[in-house]
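Please keep the sequence and the 3D view open while reading.

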Amino acid sequence: MIKNKVYKLNKDVEVGKDMPLKKGQELEVVMDVVYINGHMVPPAFQKLFMDFIMKNPALFTGDTREW
């Protein structure tokens, strides 16, 4: 379970067919729910994005901020 973490992409990637993400894009995970640009990824794609994050840690830099 990922409680609260922000990941920043190190390079352009494609999560799935026709699902590109650009270098520098931030993906936030809050209580195992993935958000992009402050918007929740649709439920049907949550597992795809979570698996992508968990299986590709080298593509990301941790960017979690404490306020």
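## Surface and model basis

The chain exposes about 4800 Å². Carbon and sulfur atoms supply 56% of that area. Accessible areas come from the Shrake-Rupley method with a 1.4 Å probe, and for residues only the protein chains shown count as cover.

The model is predicted: local features need pLDDT of at least 70, side-chain atom pairs count only at pLDDT 80 or more, and totals for chains, interfaces and linings use all residues. Residues are numbered from 1 along each chain as its sequence is written, and side-chain values use heavy atoms, with hydrogens and water left out.

## Size, burial and charge

The radius of gyration, taken over C-alpha atoms, is 11 Å for the chain. The globule rule is 2.2 Å times the number of residues to the power 0.38. Along the principal axes, the C-alpha atoms fill a box of roughly 35 × 25 × 20 Å.

Of the 67 residues, 34% count as buried. Buried means under 20% relative accessible area, exposed means over 50%, and partly exposed lies in between (1.4 Å probe, protein chains only). Contacts (heavy atoms within 4.5 Å) also reach along the sequence. Among those between residues at least 6 apart, 44% join residues at least 24 apart.

The chain has 10 positive and 9 negative charges, and their mean positions are 4 Å apart. Lys and Arg count as positive, Asp and Glu as negative; His and the chain ends are not counted. Each charge is placed at NZ of Lys, CZ of Arg, CG of Asp or CD of Glu.

## Fold and sheet

The pattern along the sequence is β-β-β-β-β-β-α-β.

Which strands form the open sheet, and in what order? Five do, as β6-β5-β4-β1-β7, with antiparallel pairing. The edge strands are β6 and β7, each pairing on one side only. Two strands pair if DSSP finds at least two bridges between them. Strands of a sheet pair through backbone hydrogen bonds, either parallel or antiparallel.

## Strand pairings

Strand β1 (residues 4-9) joins β4 (residues 26-30) through five bridges, running antiparallel. In this pairing, K5 stands opposite V29 of β4. Three bridges join β1 to β7 (residues 60-62), again antiparallel. Here L9 stands opposite F60 of β7.

Strand β4 also joins β5, through four bridges in an antiparallel run. L27 stands opposite I36 of β5.

## Loop residues

Where do N37 and G38 sit? N37 is found in the loop between β5 and β6. G38 is in the loop between β5 (33-36) and β6 (39-40). N37 has a positive phi of about 55° although it is not a glycine. N37 counts as exposed because its relative accessibility is 59%. G38 is exposed too, at 64% relative accessible area. G38 and E26 are 12 residues apart in sequence and 9.4 Å apart in space, C-alpha to C-alpha.

D18 lies in the loop between β2 (13-14) and β3 (20-21). Its phi is near 60°, a positive value in a residue other than glycine. D18 has a relative accessible area of 63%, so D18 is exposed.

Technical notes
Helices (H or I, at least four residues) and strands (E, at least two) are DSSP runs, numbered from the N terminus.
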